[in-house]
Structure formats: structure tokens, C-alpha cells
Amino acid sequence: MKIEKQEIIVGSSYLRDSNKKSFNRVDYMLRHMEFNRAFTSKILNKKINIKKEKEKILEDLKKRFTEYRTNWKENPKLAYETNNWNSFNPLCLDIETASICDLACPHCFREYIMTPDKIMKFDFYKRIIDTAAELKVPSVKLNWRGEPLLNPQLEKFIKYAKDNGILEVSINTNATHLTKERSQSLIDSGLDLIIYSFDGGTKKTYEKMRPSRFKKNTFENTYDNIKNFQLIKKKNKKKFPITKIQMVLVDDSRNEIKEFYKLFSDYVDDVTVTPYQERGGNMEDISKNDLDKIEKYFKENNLPKDTKYNIEATGDINIAIARKPCEQLFQRLMITYDGRVAMCCLDWGAQHCLGYIDKSAFDIDKTINDLEKKIKSNKKGFELLKGAERPKKFKEPSKRLTTLKEIWGGNELNEIRQIHKKKNLNDIAICKNCDFTDTYEWKKI
């Protein structure tokens with residue numbers, strides 16, 4: 001099946017029905033800023049009743065949000081142009097409120113790199129948010145390698161961030177634990193954006209792509225959870241959170257794009273399909289015909305067999321022809337549940353660690369040893385993780401505590417930025433085989 005080109009927004013992976021307008025998150029946030037908990041809590045805490053003062057605070061928040069979304073693209077561009085690394089603060093912190101996950105998806109790093117089943121302590125989280133507020137970080141995402149709904153205090157985490165002025169708080173979830181009660185509490189917490197990960201447009205594909213570690217995960221249960229969330233939000237007459245759903249394109253799901261859209265177009269604000277990124281599983285993301293076409297192109301153009309490629313929802317095939325500096329180095333930092341800091345979301349488990357902001361990070365070897373024993377003994381819940389290996393240590397700083405501000409402006413990260421500016425990404429082990437599409441220049445074949 002080939003999706004008509006007019007259904008794809010140029011330059012992105014967003015799939016929209018040709019009869020509906022594409023969803024613009026920035027416009028939506030600005031139009032409904034008066035319902036953002038960062039605004040409402042500020043009004044209540046300061047007991048502001050004067051209309052002009054409220055309007056000024058609202059306009060200030062709108063200005064901050066507009067700058068945040070503009071700077072998402074502009075800051076990396078300016079930084080690489082000027083070499084003025086220390087002029088910008090992070091725009092987002094990805095905070096791993098839970099590293100545990102109840103699923104064992106074959107296209108996830110968890111199946112190939114050992115990942116602890118842990119949750120973040122609230123006291124540690126508070127220190128992170130306090131620092132974020134001090135640095136005026138506009139957004140946080142409260143997950144990374146795990147399922148955030150497995151942290152029973154997640155709503156408390158969300159409220160604390162919003163009440164401390166974080167403009168946008170988001171989560172990615174597999175929605176398996178999104179009960180009606182949990183849906184209500186998430187809506188009440190002030191969450192701004194919830195992104196569902198749901199692979200497949202049919203029951204067969206979904207349940208193949210999303211197997212459970214502990215009990216059977218069914219298409220019907222997860223679909224109903226997502227549907228009910230929207231119904232509860234509508235019943236409450238709430239503007240937030242924005243809802244988005246995304247599917248990774250592999251060979252099994254590639255012919256189900258239209259079915260995927262039909263399933264969710266009435267129950268989420270935005271529907272997205274994204275190209276598969278290799279994470280160690282060597283999954284089939286393309287058909288044999290497309291693979292033959294790629295291999296023929298490689299041979300005719302004398303290209304290495306490991307040359308990167310991606311296939312768009314349209315079926316168009318792109319071949320990587322060069323590397324580009326990564327924008328994430330001037331956008332965000334990743335913080336594990338135990339306080340290790342990584343430079344990007346694809347550095348699974350902070351294998352190129354930039355520093356430590358909590359002493360519990362020093363216990364990672366013991367944690368991995370315990371996890372390895374559970375996997376080798378085939379303990380219940382670990383049977384599907386038998387292919388996971390110990391995470392490599394591409395870079396390990398000296399074991400001393402530091403701050404996010406010091407890490408962000410420190411020599412280690414600045415050296416990485418300099419290497420990226422020179423487009424020598426292959427000189428950094430964690431970046432060499434990275435599949436992040438924005439770090440490549442692409443040519444359509």
C-alpha cells in the first residue's frame with residue numbers, strides 16, 4: 001500500500017487524513033494557555049485577582065512558550081555558528097521517573113541492553129525540578145527507558161513541576177495501565193501532553209509488537225484505555241493534556257497505516273507514524289523487494305553495506321550521504337532514575353555518561369549484577385530479556401557529584417559539541433552508529 005503524498009506533512013512523519021487539518025501543538029498551547037496549570041497555580045499561589053495582573057502573567061507565559069519552541073531549532077543553529085556554547089540553557093530535561101517497563105517490545109533497547117526495573121525517588125526529583133526552575137527550563141518529559149505509569153507517584157511529580165513554573169510537562173506511555181481512575185488523576189494533575197506508543201493497526205500486529213513481561217497484553221484493553229481517556233477528558237471539559245499517538249514503521253505495520261489512523265483519529269489530537277530506528281534487534285523494517293532495491297543501490301554506488309537508510313510512510317527510500325551535528329546537544333539532557341546524566345535519548349542508560357547528580361548513581365554496577373542474575377536464572381518477568389547484554393561504558397566520569405548546570409556547560413559536553421560541529425560524529429562511540437535521522441543528510445533513491 002502506498003499512502004498518497006498529500007496525506008503527509010512535508011518534512012515530517014505526521015500522517016493526517018486528507019479531509020482534516022494537521023494539528024499544531026504550539027498554536028493549541030498558546031490559545032489555551034489560561035488553562036495551563038503553570039498559569040492557574042501561579043494565580044492561586046499569589047492570590048492575584050486583578051485582571052490586568054492576570055493578563056500580564058498570561059502574556060509572559062505565552063511569550064516564554066513561543067520563545068521555547070522557536071529556540072528548539074534556533075539555539076542549536078546559533079550555537080554551532082557562533083561557538084558560544086554557554087549562552088543557552090537546556091530547553092528540556094528528560095527525567096526517568098521509572099526505568100521499569102511491563103512490556104518487552106522487540107524493537108526496544110530493553111531487549112538488548114540490560115535496563116533496571118526501578119523508579120525515581122520523589123525527593124531526588126524535587127531537587128531536579130528546583131534546578132530546572134532556577135535555570136528557567138521550559139519543559140520536562142517524565143520518562144525515558146521505562147513506563148511512567150508504573151511510578152505510583154507520577155501525578156505528584158507532574159503537579160510539582162507545573163506548580164514550579166514548568167510550561168510543558170509530557171509523558172510517553174504504552175497505556176497498558178491507563179485505567180479510568182488513572183486517566184482522571186492524570187487529567188487533574190495538569191499534564192500538558194500525553195504521547196501513546198501503539199504499534200500496529202490490527203490486533204495481530206499490535207500483540208506481536210507489544211508482548212507483556214508479566215501478564216498477557218491485549219489489543220482491546222489498551223485500545224479501550226486510550227479511547228476512555230479521551231471520553232473522560234471530554235466529559236471533564238478539559239483542554240489538557242494534548243493527546244498524540246505514534247506507531248513505528250516495521251514490515252509488519254507498514255501496510256496498516258490507514259487502519260492505524262482510523263482506529264485513533266477520533267480519540268487523539270495527533271496521529272504519527274515514524275521510521276524504524278535500529279536498536280539492536282535487527283528487525284525487518286522493510287519488504288524483501290525494498291531491501292533488494294537498497295542492496296542493488298549500494299552495490300552500484302560502491303557504498304558500504306552498513307550505510308544508513310530510512311523508508312518514509314509514503315514508501316520513499318532515503319540513503320544517508322553525510323552526517324550532521326546533532327541538535328539535541330543544545331536542546332536537552334537525559335537524567336536516569338538514579339542520577340546519571342546522558343547527552344541524548346539514544347544513549348541508552350547513559351553509556352556515555354556526562355556526570356552524576358545523585359550518589360545512588362554510583363551503585364549502577366551492583367544493580368546491573370542483580371539484574372543479570374535474574375535474566376540468567378529465567379526469573380518470571382525476565383524470560384523475554386534473555387538477549388539483553390550489560391550496557392557498555394563508552395565514557396565514565398570520575399565518581400563525584402556535580403550539578404546539571406556544571407554538566408551542561410562543562411568541558412565534556414563542549415568537546416562533544418565541537419566534534420559534532422566538525423561533523424566528525426563517528427569519532428564518538430555512542431554517536432557512530434546512532435540512527436537518529438536528524439543527524440544525517442539524506443538522498444532519495
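Student: Does α6 pass α8 in a left-handed or a right-handed crossing?
Tutor: In this predicted model, α6 passes α8 in a right-handed crossing (the near helix is turned clockwise from the far one by less than a right angle). Both are DSSP runs of H or I with at least four residues, whereas strands are E runs of at least two.

Student: At what angle do the axes cross, and within what distance do they come?
Tutor: The axes of α6 (residues 180-189) and α8 (residues 219-235) cross at roughly 50 degrees and come within 9 Å.

Student: Changing topic, where is Thr 439, and is Thr 439 buried or exposed?
Tutor: Thr 439 lies in the loop between α14 (429-432) and β12 (440-444). Its relative accessible area is 2%, so Thr 439 is buried (under 20%; exposed is over 50%, with a 1.4 Å probe).

Student: Which residues does Thr 439 contact?
Tutor: Beyond neighbours within four places in sequence, Thr 439 contacts Ala 322, Arg 323, Lys 324, Cys 326 and Leu 425.

Student: What is the mean pLDDT of the chain?
Tutor: The mean pLDDT (predictor's confidence, 0 to 100) is 89, and 92% of residues reach 70 or more. Over residues 1-19, however, the pLDDT is below 50. Where pLDDT is low, the predicted coordinates should not be read in detail.

Student: Which conventions apply?
Tutor: Residues are numbered from 1 along each chain, and side-chain values use heavy atoms, without hydrogens or water. Local features need pLDDT of at least 70, side-chain atom pairs count only at 80 or more, and totals for chains, interfaces and linings use all residues.

Note on methods
Axes fitted to C-alpha atoms, helices over the stretch in contact; angles between N-to-C directions. Contact = heavy atoms within 4.5 Å.
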